[in-house]
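Here's a quick tour of a protein chain to follow along with on screen. Have a look at the sequence and the fold before reading on.

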Amino acid sequence: MMKKQLTAFFMAAALSVSALTGCSGSGTSGNPAGQETTAPEAVKDISLDDLLSDIKNAYGENYIPNTEMDGQMLEDVIGLLGTFDITTIRASIGMYLVCKAIHEQTDIRVLLTGEISDELFGYKYTDFAPSAQAFQKESEKRVRELHMYDVLRADRCISVNSLEARVPFGDLDFVRYVMAIDPEKKQNVYRKGKYLLRHAFEKGDYLPEHILWREKAAFSDAVGHSMVDDLKEYADTCYTEEAFEKERQKYTYAQPFTKESLLYREIFEKYYPGQAEMIAGFWMPNQEWEGCDVTDPSARVLANYGASGE
């Protein structure tokens, strides 16, 4: 008799993955499992039981990865990713570790993940889009660059651990449909990011209200604010100010501008020498927009971060 295949979902109180879990759990087939990945202080106000309590046929495991910084872990992650991008590497550490745990500790081999919903429905920084047309243009740019950033992270972190990814928001018909919606309806004029996606789940019993309307947090932040701080502190121990200025001058393309970015670039060049141009550059909010002229990709530096950090 064929064994029923378990399907897991990445959950860090994210709306996108909660919506996928709700949809899958509401059916009669399959046996969805919630898998939460957080750092110890992340998602303080909600537990995995809260996330899954009202989702049919779902159960979960809470896994808190050991994100203690060391050079070997960074080499492993950057080596498998093939990128020097700051936010991609930050987010990949948590994702890689939890995928490794899933492979080693469970029978799960298929993961549903929420990538591409940000590109379609908006990031925190797209709240600052000066017009609907600017929002749409930015969305199109992010979709075109998926293979260099979010989808690169998901593909490499999942597949290197012998798991298979399913990306429902990447369904081509769905992408075409959302991209054809009037961008004025996708802008955050409702004081709640991803309003259209939330509104689609208001009716029915897919998701509890406190999940449906909780604030968005970027994956690279949601895996743990302390982890990002630890990465910066670790990089700071690797270079004096003089060494940092000297070493970063070696690179003319996508020149490192912080010790963290220099550390990532040097590891990248060790595994992919002279291939930096395969990445378009550092993922950043649109720095041409008012409110987005920042020097760190984290949404934490934006004025509208608000309750996302709670």
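This is a predicted model: local features need pLDDT of at least 70, side-chain atom pairs count only at pLDDT 80 or more; totals for chains, interfaces and linings use all residues.

**The whole chain**
- The chain contains 15 helices and five strands.
- Of its 310 residues, 54% are buried.
- If you take the contacts with a separation of 6 or more, 75% of them come from residues 24 or more positions apart.

**Where α3 and α15 cross**
- On the α3 side, the residues involved are L74, E75, I78 and G79.
- On the α15 side, they meet L263, Y264, I267, F268, K270 and Y271.
- Sorted by class, the contact of α3 with α15 has seven nonpolar residues, two charged ones and one polar one.

**A look at E138**
- You'll find E138 in helix α6, which spans residues 132–144.
- Is E138 buried or exposed? E138 has a relative accessible area of 6%, so it counts as buried, since the cut-off for buried is under 20%.
- Leaving out residues up to four places away in sequence, E138 touches Y125, T126, N286 and W289.
- With Y125, the link includes a polar contact of 2.6 Å between the side chains of E138 and Y125.
- N286 sits 148 residues from E138 along the chain, yet their C-alpha atoms are separated by 8.1 Å.

**A look at T88**
- T88 belongs to helix α4, made up of residues 86–105.
- T88 is buried as well, because its relative accessibility is 2%.
- Which residues does T88 touch, not counting those up to four places away in sequence? They are L81, T83, M148, Y149 and R153.

Key:
Residues are numbered from 1 along each chain as its sequence is written. Side-chain values use heavy atoms; hydrogens and water are left out. Contact means heavy atoms within 4.5 Å. Helices (H or I, at least four residues) and strands (E, at least two) are DSSP runs, numbered from the N terminus. Ala, Val, Leu, Ile, Met, Phe, Trp, Tyr, Cys and Pro count as nonpolar, Asp, Glu, Lys and Arg as charged, and the others, Gly among them, as polar. Buried means under 20% relative accessible area, exposed over 50%, partly exposed in between (1.4 Å probe, protein chains only). A polar contact is a pair of N or O atoms within 3.5 Å; within protein, one must be able to donate a hydrogen and the other to accept it, and residues adjacent in sequence count only if both atoms are side-chain atoms.
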